[in-house]
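Here are my notes on this model, point by point. Please keep the structure open while you read.

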Amino acid sequence: MAVQVKLADVISALESAGDEDTSWLDRETGEVHLLTDEMMDYAEEGTPAEEIPGWMRDPVEVAKQVQEDRLHRYLELPSKSEIHEWEIMDCFASSVKNESVQRALRNGIRGAGAFSRFKQLLEGYDLWKAWNKFRDARLREMAIEWCKDSGITWREK
């Protein structure tokens, strides 16, 4: 039987995707590993274990395995740039029923500072709870789609 990944682990990886890290699914164990650029650098440079902070040694070992992976044991999860957070914000803004609030949100996500302006608007219109529910649902959809597209079997718990 093929290994199953916990959907919550995939969602968590999508949620925490950043500019300086990548998440990898181990197809043999079903574990999702978050590896920072620093961990990948240590692995690539062959830094001796005693020079690596203790808490980082196991992840650096995984990073080495990822880099040496010729059998496609590890599968990279979508990166921050593939998640399109701006698009999620735009869809959320479009879902707001109040037209003036919708317009304010859609205008707020244009140009420089869009993310911080969007957060201020959410706070000002008391929409944090609705935004989090919407974003969580979108990330769940993305996680399921990624699993299906990648031929990965997932489970809820």
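1. Start with Glu85 and Arg135, which form a salt bridge with their closest N and O atoms 2.8 Å apart. A salt bridge here is a side-chain nitrogen of Lys or Arg within 4 Å of a carboxyl oxygen of Asp or Glu. Glu85 lies in helix α5 (residues 85–95) and Arg135 in helix α8 (residues 128–150), so the pair ties together parts that are 50 residues apart in sequence. Helices (H or I, at least four residues) and strands (E, at least two) are DSSP runs, numbered from the N terminus. Arg135 is buried, at 14% relative accessible area. Buried means under 20% relative accessible area, exposed over 50%, and partly exposed in between (1.4 Å probe, protein chains only).

2. A word on the basis: this is a predicted model, where local features need pLDDT of at least 70 and side-chain atom pairs count only at pLDDT 80 or more, while totals for chains, interfaces and linings use all residues. Residues are numbered from 1 along each chain as its sequence is written, and side-chain values use heavy atoms, with hydrogens and water left out.

3. Look next at Asp90. The side chain of Asp90 meets that of Arg106 in a salt bridge (3.1 Å, N to O). This pair links distant parts of the chain, with Arg106 in helix α6 (residues 99–108) and Asp90 in helix α5, 16 residues apart. Asp90 is buried, with a relative accessible area of 14%. Arg106 is partly exposed, at 28%.

4. Asp90 has another partner. Asp90 also forms a salt bridge with Arg110, the closest N and O atoms being 3.9 Å apart. Asp90 lies in helix α5 and Arg110 in the loop between α6 and α7 (114–124), so the pair ties together parts that are 20 residues apart in sequence. Arg110 is partly exposed, with a relative accessible area of 38%.

5. The structure holds 9 salt bridges. Asp26, Glu28 and Arg73 are linked in a network of them. Asp26 sits in strand β2 (residues 21–26). Is Asp26 buried or exposed? Asp26 is buried, with a relative accessible area of 2%. Leaving out residues up to four places away in sequence, Asp26 touches Glu31, His33, Arg73 and Tyr74. Contact means heavy atoms within 4.5 Å.

6. Now the helix packing. α6 and α7 pack at an angle of about 155 degrees, with their axes 8 Å apart. That makes α6 roughly antiparallel to α7. Axes are lines fitted to C-alpha atoms, for helices over the stretch in contact, and angles run from 0 to 180 degrees between N-to-C directions. Angles under 35 degrees count as roughly parallel, over 145 as roughly antiparallel, 65 to 115 as roughly perpendicular and the rest as oblique.

7. Which residues make the contact? α6 supplies Ala104, Leu105 and Gly108, and α7 supplies Ala114, Arg117, Phe118 and Leu121.

8. Finally, the two sides of α6. Val101, Leu105 and Gly108 of α6 are buried. Seen down the axis of α6, these buried residues fall within an arc of 65 degrees, so they line one face of the helix. The arc is that of the directions from the helix axis to the C-beta atoms. The cover over the buried residues of α6 includes α5 and α7. Exposed Glu99 and Asn107 sit on the face of α6 turned away from its buried side.
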